[in-house]
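Open the model in your viewer and keep the selection tool ready. We will go from stop to stop, picking residues and looking at what surrounds them.

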Amino acid sequence: MAPPQRILFPLDKICMDWQQRQRAGAGLYNLGNTCFLNSVLQCLTYTPPLANYLLSREHSQSCHQQGFCMMCTMEAHVNKVMYSSGTAVQPWAVVREHFELGMQEDAHDFLRCTVDAMQRACLSRSSDLDISSQSTTIVHQIFAGCLRSRVTCSSCNVVSNSYEAFLDVPLDIKAASSVTAALEEFVTPEQLDGENGFKCSQCDKKVAASKRFTVHRAPRVLTLCLKRFEDFAGRKISKVVEYPEYLDLHPYMSQTSGEPLLYSLYAVLVHSGDSCQEGHYYCYTKASNGLWHKMNDTSVNCCDIDTVLRQQAYLLFYAR
Ligand SMILES: [Zn+2]
Ligand SMILES: [Zn+2]
């Protein structure tokens with residue numbers, strides 16, 4: 001990829017460690033089937049590099065956005081949650097915007113919409129930026145990584161690479177009993193054959209080939225989405241999929257030589273229920289004082305890591 005012409009937020013300004021240690025913040029009122037939204041907001045609130053930035057109020061001090069700005073909204077929300085004197089707050093500003101845009105009520109969709117809206121807010125003053133520069137906002141510096149897709153022709157062995165930014169990694173869990181097994185499957189080469197063959201420019205015809213995905217550039221914050229709602233009938237894959245507290249991403253990278261690339265779990269979003277149309281969302285997050293809490297709408301309760309690691313996870317959040 002071409003180097004960015006402008007750096008909107010320098011990487012070395014991103015602070016991965018909490019800038020202040022304090023107990024967990026407030027819970028969130030359910031404003032009518034908004035548990036999907038509450039649990040995503042709580043996971044974002046305890047994302048250390050994002051929270052550090054929002055708590056500093058640096059964004060709003062220089063924001064000139066006319067009308068709605070997702071970064072200003074998130075900044076106000078995170079400050080309210082962390083410094084609230086009560087036990088719960090009402091996330092009205094986010095809820096209002098969400099329903100105006102008519103978004104889906106799936107936690108993963110809501111996470112994507114929210115991160116995209118924050119990204120747009122960061123780009124609002126720079127409309128004609130090249131793609132590389134657009135990925136230097138604080139939002140993409142935190143959440144975005146890059147995937148490489150490599151196709152190797154089985155006749156002449158010519159290799160063609162393509163690169164794509166990602167904000168989360170979707171994991172197929174039909175055959176996998178753990179996240180590491182699902183990641184292993186994610187980087188396993190797929191055979192392209194017959195109808196699905198690859199048009200090799202060197203051979204100048206359709207040939208058999210193998211295609212392999214690897215993480216080419218690792219994100220600061222890794223979001224994994226366990227694909228529990230694949231079924232068109234809306235059924236859910238409810239099985240247990242194990243996930244570790246510390247994850248080494250190195251085996252799944254394009255370059256596998258060198259040091260381990262360790263990530264530490266800081267939030268788990270859970271869906272309970274039998275299908276995507278029903279059920280309840282809640283989450284587990286790690287506060288800046290290192291203690292884990294179950295966040296279930298207004299209730300915020302301390303729990304241990306063993307409980308956190310035994311959930312039917314839908315989204316997993318890891319930080320480097
Ligand atoms: Zn703003
Ligand atoms: Zn070829």
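**Stop 1**

Select Val268. Leaving aside residues up to four places away in sequence, Val268 touches Cys283, Tyr284, Val308, Gln311, Ala313 and Leu316. Touching here means contact: C-beta atoms, placed from the backbone, lie within 7 Å.

A word on the model before we move on. It is predicted: local features need pLDDT of at least 70, side-chain atom pairs count only at pLDDT 80 or more, and totals for chains, interfaces and linings use all residues. Residues are numbered from 1 along each chain as its sequence is written, while chains are lettered from A and ligands numbered from 1 in the order in which they are written.

Together with Val268, they touch the most other members of the largest nonpolar core, which has 73 residues. α6 gives the most to this core, with eight residues. A nonpolar core is a set of buried Ala, Val, Leu, Ile, Met, Phe, Trp, Tyr and Cys residues joined through C-beta atoms within 7 Å. A residue is buried if 20 or more other C-beta atoms lie within 10 Å of its own, exposed if 12 or fewer, and partly exposed in between; again the C-beta atoms are placed from the backbone. In soluble globular proteins, nonpolar side chains tend to be buried together.

**Stop 2**

Select residues 262-272, strand β12. Eight of these 11 residues are buried, so the rest of the structure largely encloses the strand. Helices (H or I, at least four residues) and strands (E, at least two) are DSSP runs, numbered from the N terminus.

Which strands pair with β12? Two strands pair if DSSP finds at least two bridges between them.

- β11 (residues 246-248) runs antiparallel to β12, with three bridges. Find Leu247 opposite Tyr263.
- β13 (residues 280-286) is also antiparallel to β12, with six bridges. Find Val270 opposite Tyr282.
- β16 (residues 313-319) pairs with β12 over six bridges, in the antiparallel sense. Val268 stands opposite Leu316 here.

**Stop 3: a four-strand sheet**

Next, show the strands β4, β3, β9 and β6. In that order they form an open sheet with antiparallel pairing. β4 (159-166) and β6 (190-192) stand at the edges with a single partner strand each, so one side of each has no neighbour in the sheet. On average, neighbouring strands of this sheet are turned by 30° against each other, direction ignored. That angle is taken between axes, which are lines fitted to C-alpha atoms, for helices over the stretch in contact; angles run from 0 to 180 degrees between N-to-C directions.

Zoom in on β3 (residues 145-153) and β9 (residues 209-217). Eight bridges join them, antiparallel. Cys146 has Arg217 of β9 as its bridge partner.

**Stop 4: helices**

Select residues 35-45, helix α1. How many of its residues are buried? The count is 11 of 11. Among them are Cys35, Phe36 and Val40.

Now show α4 (residues 70-83) with α6 (residues 107-123). Their axes come within 7 Å and cross at roughly 115°. Met70, Met71 and Met74 of α4 meet Thr114, Ala117, Met118, Ala121 and Cys122 of α6. Seven of the contact residues are nonpolar, one is polar and none is charged. Ala, Val, Leu, Ile, Met, Phe, Trp, Tyr, Cys and Pro count as nonpolar, Asp, Glu, Lys and Arg as charged, and the others, Gly among them, as polar.

**Stop 5: two positive phi angles**

Most residues other than glycine have a negative phi. Select Arg57, in the loop between α2 (48-55) and α3 (58-62). Its phi is positive, near 60°. Arg57 is partly exposed, with 13 other C-beta atoms within 10 Å.

Then pick Asp204, in the loop between β7 (198-200) and β8 (205-207). Asp204 has a positive phi of about 60°. Is Asp204 buried or exposed? It is exposed, with 8 other C-beta atoms within 10 Å.

**Last stop: zoom out**

Show the whole chain. It has 10 helices and 16 strands. Along its principal axes, the C-alpha trace spans about 70 × 45 × 40 Å. Of the 320 residues, 36% count as buried.

Notes: Two residues are in contact if their C-beta atoms, placed from the backbone, lie within 7 Å.
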